[in-house]
Amino acid sequence: MDNRAGRRLVAGIPLLWLLLFFLVPFIIVFKISFSEVRLAMPPYAPLFQWLHGLPHPQLNLGNYAFLFTDRLYISSYLYSLKVASVSTFCCLLIGYPMAYAIAHAGPTWRNVLLMMIVLPFWTSFLLRVYAWIGLLKNNGVINNTLVYFGLIHEPLPLLQTDFAVYIGIVYSYLPFMILPLYANLEKHDNTLLEAAADLGAHPVTAFLRITLPQSVAGILAGSLLVFIPAVGEYVVPSLLGRSDQLMIGRVLSDEFFENRDWPVASAVAILILLALVIPIMLFQHYQRRELEAQK
Amino acid sequence: MKSSRGVFSRTALVFGLVFLYVPILSMVIFSFNNSRLVTVWDAAHSPTLKWYAALMSNGQIMGAAWLSIRIALISATGAVILGTLTGVTLARFGPFRGRTLLTGMTTAPIVMPEVITGLSLLLMFVSLEQLIGWPKGSGALTITLSHITFCMAYVTVVVQSRLVGFDESLEEAAMDLGARPVKVFFRITLPLIVPAILSGWLLAFTLSWDDLVITQFVAGPGSSTLPMVIFSKVRLGVSPDVNALATIMVTVVALGIAASAIWMRYQNRRRERDEQLAAAANL
C-alpha cells in the first residue's frame with residue numbers, strides 16, 4: 001500500500017511537471033495557430049466564443065493558407081530542409097572515419113580521444129559559432145593567411161554564405177554524430193572482418209559488406225541528432241548566414257518578435273514539427289532499443 | 001592492406017580534431033591581441049591583457065554573468081531532482097499507465113528545435129498568467145522554469161542509463177530484508193547513481209548557462225542572461241572582449257575536466273587497492 005503510493009508519487013511529480021511544461025505548451029501552440037491575430041495583449045483572438053451558453057468555435061485556417069501563399073515561408077522552409085540535409089551528410093562523412101578511428105584505438109587512447117570530442121561541447125555553443133566569424137570574415141584568419149601566402153589577392157567572400165552555415169552547423173553538431181557512431185562501432189566483432197580477409201575479400205569490400213551494414217543503427221541515430229535540431233537552427237544562420245535567405249527558425253522568431261504575429265509564428269512551429277514528426281519518432285524508437293540492449 | 005584503412009581513418013581523426021579545436025584556439029590567441037580589429041595581429045603591442053580589464057569593468061556583462069550563474073545553479077538542481085525521479089521511474093518501475101507518455105516527453109525535448117520549445121513555453125506562461133495570474137510577467141522565474149524543463153531530459157537519460165547498467169539484486173535483497181523503499185533508495189540506489197547525478201548536474205548547469213534561444217523567448221525585457229548579451233554584441237561583428245570572455249570560459253572548463261579526470265583516476269586506484277586488500281584478506 002505504502003509502496004504503491006510512494007511509487008505513484010515518484011512517477012507522478014515528473015509526469016505532472018512535463019505535462020504542464022511540455023505537453024500543454026504544445027497544445028496551446030496548436031490552438032493559437034488556428035486563431036486570428038488582433039491588436040491586444042495577448043495578440044490573438046480566443047478560439048471559442050460563448051454564444052447562448054454554448055461554445056462557438058472560431059477555427060480559421062487562414063494562418064496556414066497564408067504560409068502557403070507567401071513565397072517567403074515556402075522558400076525558407078525548403079532552404080532549411082536543404083541546409084539540414086547537407087550538413088547532416090557532411091557530419092556523417094567527417095564523423096564516420098573519426099568514430100571508426102576512435103573505436104579502433106587502444107583503450108587508453110580511446111578515453112582521451114572521446115574526451116577531446118566531448119570537450120568542445122562543454123564550452124559555449126554561442127561562442128564556438130562566434131569564433132567562426134573571426135575565421136571567415138574578409139580580414140579574418142583564413143583570408144589573411146591565404147593572402148599572406150599569395151594564393152589569392154582579394155579576400156574570398158566566405159562569411160554570410162551557405163558555406164559558412166554548413167561549416168557552423170557541422171562544427172557545432174559533429175560530436176552528436178560521432179558519439180552514437182562510436183557507441184555502435186565499438187561493439188562490432190572483429191572476427192567477421194578477419195574471416196572476410198582470410199577469404200580474400202578486399203578491405204573496401206569487407207567494409208562495405210560487413211562494417212557498414214552493421215553500423216546502420218548508429219548512422220541513423222547520429223543523423224537524426226544532427227538533422228532535427230539543424231532544421232530549426234537559429235544561432236548559426238543568424239551569425240554566419242545570408243541575410244537574403246532566412247532559415248525557418250529565424251522566420252518563426254521574426255514573426256513572433258518583430259511582427260508580433262503569434263498565430264502565424266505558431267503555424268510555422270506546427271509546420272516545422274510536421275517535417276520532424278517521423279525523424280523524432282525514429283529517434284525515440286532507437287533510444288528505447290539502445291536502453292533495452294544495455295540490460 | 002588492413003592498415004591502409006587505419007591510416008585513412010586516423011588521418012581523418014587528426015584533421016577532425018584540428019577542425020574542432022582551431023576556432024577555440026584562435027579565440028584564445030586573439031584575446032591577447034592589442035588591435036581593435038581582433039584578427040589582425042598587432043605585433044608591436046601584443047600580447048596584452050587590456051581586453052580582460054575591459055571585460056571586468058563591463059557592468060552589463062558582469063551583471064548578466066551573475067544572473068546566468070544564479071539561474072544555472074537553481075535550474076541544474078531542479079533538473080537533477082526531477083530527472084532522477086524520472087530516471088528511477090523509467091529504469092525500475094516496470095510497465096505502468098503513462099509510461100509511454102513519460103518516455104516520449106523525456107526524449108522529445110532533447111531533439112526538439114529550440115525555437116519551438118521557446119515559443120511554446122512562452123505561450124503557455126502567457127496563458128497561465130491570464131488564467132491564474134501567475135507567473136507575473138517574464139523574467140528570471142520563467143527562465144528558470146524553462147531551463148529545468150529542458151535540462152531534466154538530459155539528466156533523465158544519464159541517470160536511467162546508469163541504473164539500467166546495474167542489476168536490481170542489491171535493491172531486491174534490501175527489500176527482502178525488510179527495508180522500506182525510501183530507505184532502499186537513499187542507502188543503496190542513490191549511492192550507486194551518485195556519479196550519474198553529478199555529471200547530470202554539471203551537464204544541466206552547462207546547458208542552462210549556455211542557452212540562448214529558449215531564454216530569449218521567455219526572458220522578458222528586464223532580465224538579460226549572459227548569452228543574450230553576447231549574442232546582441234557579436235551580431236554586430238567580432239568584439240575583442242568577447243574573445244577574453246571565451247578564453248576564461250574555456251580555461252574554467254579545461255580545469256574542471258582535468259580535475260574530474262584526476263579524481264576519477266584516484267577513485268579507480270583506491271578501488272583497485274581495496275580489491276587487492278580484500279583478496280589478500282581472503283587468502
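I count two residues as in contact if their C-beta atoms, placed from the backbone, lie within 7 Å. The model I am working from is predicted.

**Entry 1: chain B against chain A**

I looked up the interface between the chains. On chain B, 75 residues are in contact with 78 residues of chain A. I then asked which elements of chain B supply that side. At least two residues each come from α1 (2-30), α3 (59-92), α4 (99-111), α5 (114-132), α6 (140-165), α8 (181-210), α10 (226-234) and α11 (240-282). α1(B) gives the most, with 18 residues. By class, I found 49 nonpolar, 20 polar and 6 charged residues on the side of chain B that touches chain A.

**Entry 2: the domains of chain B**

I checked the domain division next. Chain B splits into domain 1 (59-235) and domain 2 (238-269). Their C-alpha centres lie 23 Å apart. Each of the two domains puts 4 residues into the contact. On the domain 1 side, α10(B) has the largest share, 3 residues. That side holds 3 nonpolar residues, no polar ones and 1 charged.

**Entry 3: α4(B) on α6(B)**

I looked at one helix pair in chain B. α4(B) and α6(B) pack at about 110°, and their axes are 8 Å apart. Angles of 65 to 115 degrees count as roughly perpendicular, so α4(B) is roughly perpendicular to α6(B). Their crossing is left-handed.

Which residues make the contact? From α4(B) I noted B:Thr106, B:Thr107, B:Pro109 and B:Ile110. From α6(B) I noted B:Thr149, B:Phe150, B:Ala153, B:Tyr154 and B:Thr156. The contact of α4(B) with α6(B) has 5 nonpolar, 4 polar and no charged residues.

How values were computed:
Residues numbered from 1 in each chain as written. Chains lettered and ligands numbered in written order. Predicted model: local features only at pLDDT ≥ 70, side-chain atom pairs only at ≥ 80, totals over all residues. Helix = DSSP H or I, 4+ residues; strand = E, 2+ residues; numbered from the N terminus. Nonpolar A, V, L, I, M, F, W, Y, C, P; charged D, E, K, R; others polar. Domains from an automatic or database assignment. Axes fitted to C-alpha atoms, helices over the stretch in contact; angles between N-to-C directions. Parallel < 35°, antiparallel > 145°, perpendicular 65-115°, else oblique. Left-handed = near helix turned anticlockwise from the far one by under 90°.
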